Each structure stands twice: as C-alpha cells, then as structure tokens.
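Open the structure in your viewer and keep the sequence panel beside it. The stops below say what to select and what to look for there.

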Amino acid sequence: YIDRANVMYPTDVYHGSNLPIEQIDPAMLGSSTGAKSAKQAFWAVDNPIVARGYAEYAANEAPVAKILKDAEFQGKVAQRTGNWDKYESLVTKAEELESANQANPLNGQNIMPLRINTNNSSVMDAGGNSFPYAENDINQFLRQSKYAGNDVAQIKNLDDAVGRVDLPANHYAVFNPANIRSRFAAFDPMRRHEADILAGVGVGGMLDPQAIAEALRQQDRK
C-alpha cells in the first residue's frame, strides 16, 4: 500500500494546533484565528517552523485574544450602562492567563505531519506578500476554487508565520477532509473517502516526535 499512498497523498505538510486531531471537524475551522479564510478549509503548510507558530498562537495567544474580544464588547456595553464590572473582570482574566502562559508556555502545542492529495488543486502565487496584504485576494481565490470543484487550493509564497517575518511558505487550504492523512497512518485504500486522517493507523500512532524534531532541525539550518 505504500506506493499507492504516495500517489494518492503525495504532498508532505504540517498543521499546527493546540489539540490532537484525529478527524476533521468543520465546526472547528477558524476556531483559533477567526479569519474568514480559516473558516473555509483545513489549512496546512510545507514548513514546520510556520506550523509551530500556529501551534503556539492557538495554545497561548488565541485564548487571551478571545477574552479581550469579549472584554471589548463589554466595554461598549459599559459605556451605555455605566457598569464596568464585567469589562474589568475580563481584562483581569486576560492578564492572569497571559502571565500564566508566560510562566508555563506548554499548553498542548501540537505539530502534525500530514500528507495531502493535491491532484485536484488550484494554485495562487502570493508573491511573498503577508496575509493581511493578500487576504482579499486569498478569500476570492478560495471562493473561485470551491466553485470550480477543486479539492485543494494552494497559496504559494505566502508570508504568514506567526511571530516571524520574511518566512514565505506554501500554504494549502483543503476543502475535502478525505484528501488529508497522517503521515504515519497505515494507509487503507478502502477508507480513502473518510475524513479520519488516521485511516487505520498502525504502530507509531499519529505523530512521530523524532521525525518532527528532525524536520524542525532541517528547517532551522536553512
């Protein structure tokens, strides 16, 4: 089955998260960033350093940002009512969580090595631009790709590494979860239409820590 798996899922990518993922849940898309593009597909990237940035953001920064967003809403309410208790409570909660994350930054960061099927994909070149600069073009490209019936939309040379600049990578928006598999899953062609990225995973499980560490070391040397 190895040769068949290489043909059906030829592209090695990484996904950074704060949760272990065994099956793609559409309800969870965009849960970390809230970006419109993130809600349209499951995203992966060919650079594990970039994936690590997403994992760090999901684990530590996103929960704080969510509380602050709630605080901003309560602040607008308080401007009308004069009651600032909820606003102040949320701001305090965000500050405490941020301090706790700084003291203990390990909060479930997870870098998943995956393989995806890019045989039916569309391609856009972001030209090394950052995501905020290219966001409108990317959202339009995603809509066009879905309409055309593509399973994957590739955005090449996109500079969107959390906490780093000038680190363009190739990003993949996967519309159909059946085109995603764990790199270390035991491939079963009879289950190729399933959303389960393990698809009959065997010895070694979903992650191989040594393989991830080596991939990170190779990227750091570049």
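**Before selecting anything**

This is a predicted model, in which local features need pLDDT of at least 70 and side-chain atom pairs count only at pLDDT 80 or more, while totals for chains, interfaces and linings use all residues. Residues are numbered from 1 along each chain as its sequence is written, and side-chain values use heavy atoms, with hydrogens and water left out.

**Whole chain**

Show the protein as a cartoon. It has 5 helices and 7 strands; helices (H or I, at least four residues) and strands (E, at least two) are DSSP runs, numbered from the N terminus. Along the sequence the pattern is α-β-β-α-α-β-β-α-β-β-β-α.

How many residues does the protein have, and what percentage of them count as buried? There are 222 residues, and 42% count as buried. Buried means under 20% relative accessible area, exposed means over 50%, and partly exposed lies in between (1.4 Å probe, protein chains only).

Contact means heavy atoms within 4.5 Å. Among contacts in the protein with a separation of 6 or more, 71% are between residues 24 or more positions apart.

**Helices α2 and α3**

Select residues 48-81 for helix α2 and residues 85-103 for helix α3. Two packed helices are described by the angle between their axes and the distance between the axes. Here the axes come within 8 Å and cross at roughly 170 degrees. Axes are lines fitted to C-alpha atoms, for helices over the stretch in contact, and angles run from 0 to 180 degrees between N-to-C directions. α2 and α3 are therefore roughly antiparallel to each other. Angles over 145 degrees count as roughly antiparallel, under 35 as roughly parallel, 65 to 115 as roughly perpendicular and the rest as oblique.

The crossing of α2 and α3 is left-handed; this term applies if the near helix is turned anticlockwise from the far one by less than a right angle, and right-handed applies if clockwise.

Now show side chains where the two helices meet. On the α2 side, the residues include Asn 60, Pro 63, Val 64, Ile 67 and Leu 68. On the α3 side, they include Tyr 87, Leu 90, Val 91, Leu 97 and Glu 98. The residues of this contact divide into 10 nonpolar, 4 polar and 4 charged. Ala, Val, Leu, Ile, Met, Phe, Trp, Tyr, Cys and Pro count as nonpolar, Asp, Glu, Lys and Arg as charged, and the others, Gly among them, as polar.

Select Ala 65, in helix α2. Ala 65 is partly exposed, with a relative accessible area of 35%.

**The largest nonpolar core**

A nonpolar core is a set of buried Ala, Val, Leu, Ile, Met, Phe, Trp, Tyr and Cys residues joined through side-chain atoms within 4.5 Å. The largest one has 14 residues, and Trp 43, Ile 138, Leu 142, Ala 153, Ile 155, Leu 158 and Ala 173 touch the most other members. Helix α4 (131-147) and strand β5 (152-158) each supply at least two residues of this core. The largest share, 5 residues, comes from α4.

Which residues does Ile 138 touch, not counting residues up to four places away in sequence? They are Ser 37, Trp 43, Met 124, Phe 131, Ile 155 and Leu 158.

**Single residues**

- Ser 145 lies in helix α4 and counts as buried at 2% relative accessibility. Beyond four places in sequence, Ser 145 touches Ser 122, Asn 150, Ala 153 and Phe 175.
- Val 45 lies in strand β2 (residues 42-45) and counts as buried at 1% relative accessibility. Beyond four places in sequence, its contacts include Val 13, Tyr 14, Ala 169 and His 171.
- Asn 157 lies in strand β5 and is partly exposed, at 33%. Its phi is near 55 degrees, a positive value in a residue other than glycine.
- Asp 166 is in the loop between β5 and β6 (169-174) and is exposed, at 65%. Phi of Asp 166 is also positive, near 55 degrees.
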